[in-house]
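Biologist: I've got this one open on my screen and I'd like a close look at one part, the charged side-chain pairs. Walk me through them slowly, please, and then show me what lies around them.

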Amino acid sequence: MIQINITKPLHTADGTIDLIVNKEIQNGDFLTLFGKSGSGKTTLLRIIAGLETPQSGKIIVDDEVWFDSEKKVNLPPQKRGVGFVFQDYALFPNMSVRQNLEYALKDKKDTKKVDEILEIMEIENLSKMKPEHLSGGQKQRVAVARSLMSSPKMLLLDEPLSALDSAMRLKLQDELHSIHQRFNITSILVSHDISEVFRLSNRVFKIALGQITDDGSPSEVFSNQNISGKFKVVGEVLSIQKSDILYIVEILAHNEIIKVTAVKSDIEALNIGDKILLSSKAFNPILTKI
Amino acid sequence: MDESFIQTMLLTFKLAGVTTVILLCIGIPLGYFLSQTKSKFKPIAETIVSMPLVLPPSVLGFYLLLAFSPKNGFGAWLDETFSLRLVFSFEGLVVASVIFSLPFMVHPIQSGFSALSKSLSEASYILGKGKLQTLYSVLLPNMKPSILTGIVITFAHTVGEFGVVLMIGGNKAGETKVASIAIYDEVEALNYGLANQYAFTLFAISFAILLFVYMINKSMVKSEFR
């Protein structure tokens, strides 16, 4: 379990705000930090990794103190044993894919581990290539592979998919999901993409101006925002859930979630991630003053 | 080619070579420090490093001459403790050249460090590696063009240095008489043929060195970003 109770002043474009976090994260969770840029989500991730130091507070992971401002404890990133995937991947340009992975080994002789991870990530064929010759999706895979080399207890992902096109994103989202399942590794993802949140995480912190404003499952955090309704919208299928004899399809349209009931024949051709047109012929507009 | 010409040229290259090696050892830690530090003294440190760019060489030479003189405190201390006389000696020339060429080594290395993405060193730290290993395995190998530029420019600049050498080294054949001094000397003696020999050699070497830097950097930059 990760207990975080920290504060840190952030200097943003809107002036100085305080990042205040007091939460617990369960082992095995896939947590997404969701918010606009400048809200403090990346800073929180970097604080957990030890790349930034909070002004005050505590971070305790499985009874091990990583940070305690009162007792002057601040474990350096080298000793925290986390995996971190950077937004720009941070692959070492002077090393081949294989050397990048080997660099991360604790025991230099453990080359089996390298082969194993190369195989799991399906990048054996890239092992001799230098990062400069890789595509964005390949770089991302190598970065994830490298972060898994030390068998970390926690995987921290800083918008790792933001530079990829949507087809590649979907594929890599699936891979991140299966890695999370396979290694049962506590994962924390920074994202501002609602569909990504739904596909990957079981818990979301919605962060605005340094404060966690919402905390819950993706459906809890996003679905109660508005009442659906209105003629024609293009959206993306986020999830399909069976509910008695009906199905509930969650659709992302214009960054808002709409829940729609559907029957079996409606959903047969639908897959998560599909683009759909949602339309309504007759409806009761509901007016709500805001 | 007469013997004194060869002796002078060899001395010139020896001075440049020794200076470059010493500056490389100073330049890497200093450039790393300047690129990383957020200290409020950074502007002062940068100013000191850059001073030789704008100071007339004679100013620096004059003060070094005073400092190294065995009649003054520091020079006397050197003389007594290490029996080292830096005035009008090869060692003195090396010290003066190191100070005078400092920015030519530190600037390219500092900007090389600054140009590297911060996430490279952070990734290395997270993978459990310390600062020193990160420096040698990750940072330095990815800034070879900057290091090479620093080495070559420092070497070339030391070969071409005149004012400081004249002030502090004088003109002792085989000890402190380098090519740039020799040109001045030969012209004074109206020995234009020999002066031309020195001058043309320096011209050709400088041209070749700079051409080499630009060609190497072009191909390195290409291979890294293609």
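Modeller: I'll start with the pairs inside each chain, move to the contact between chains, and finish with the surroundings.

A bit of housekeeping comes before that. This is a predicted model, where local features need pLDDT of at least 70, side-chain atom pairs count only at pLDDT 80 or more, and totals for chains, interfaces and linings use all residues. Residues are numbered from 1 along each chain as its sequence is written, chains are lettered from A and ligands numbered from 1 in the order in which they are written, and side-chain values use heavy atoms, with hydrogens and water left out.

Now for the pairs. Side chains of opposite charge can pair when their charged atoms come close. A salt bridge here is a side-chain nitrogen of Lys or Arg within 4 Å of a carboxyl oxygen of Asp or Glu. Over all chains, the structure holds 18 of them.

Let's take one in chain A: D215(A) and K23(A) form a salt bridge, at 3.1 Å from N to O. D215(A) sits in strand β11 (residues 211-216) and K23(A) in strand β2 (residues 15-25), so this pair ties together parts of chain A that are 192 residues apart in sequence. Helices (H or I, at least four residues) and strands (E, at least two) are DSSP runs, numbered from the N terminus. How covered are these two? Buried means under 20% relative accessible area, exposed over 50%, and partly exposed in between, with a 1.4 Å probe and protein chains only. D215(A), at 32%, is partly exposed, and K23(A), at 23%, is partly exposed too.

Another chain A pair is a local one. E175(A) meets K171(A) in a salt bridge at 3.6 Å, N to O. Both belong to helix α5 (residues 166-183) of chain A, four residues apart, or about one turn of the helix. An α-helix has 3.6 residues a turn, so residues three or four places apart point the same way. E175(A) is buried at 16% relative accessibility, while K171(A) is partly exposed at 43%.

Chain B has a pair to look at as well: K177(B) and D185(B) make a salt bridge at 3.7 Å, N to O. K177(B) is buried at 12%, and D185(B) is partly exposed at 27%. Some pairs also share partners: in this way K23(A), D29(A), R203(A) and D215(A) are joined into one network.

On to the place where the chains touch. Contact means heavy atoms within 4.5 Å, and 21 residues of chain A are in contact with 23 residues of chain B. Buried area is the accessible area (1.4 Å probe) that two parts lose on being put together, summed over both. Between chain A and chain B it comes to about 1800 Å², with carbon and sulfur atoms giving 57%. Q78(A), Y103(A) and E132(A) supply 34% of the area that chain A buries against chain B, more than any other three residues.

The charge count across this contact is one salt bridge. R46(A) forms a salt bridge with E122(B), and their closest N and O atoms are 2.7 Å apart.

Eight of its nine residues are buried, so α1(A) is largely enclosed by the rest of the structure. G50(A) follows α1(A), with a positive phi near 90 degrees.

And the partner chain? Chain B has 11 helices and zero strands, and its C-alpha trace spans about 65 × 45 × 30 Å along its principal axes. Of the 226 residues of chain B, 44% count as buried. One of its helices, α2(B) (residues 42-54), has 13 residues and reaches 19 Å from first C-alpha to last, close to the 18 Å expected at 1.5 Å a residue; the expected span is 1.5 Å times one less than the number of residues. That helix bends by about 35 degrees at I48(B), with a proline, P52(B), following within four residues. The bend at a residue is the angle between axes fitted to the seven residues ending there and the seven starting there.
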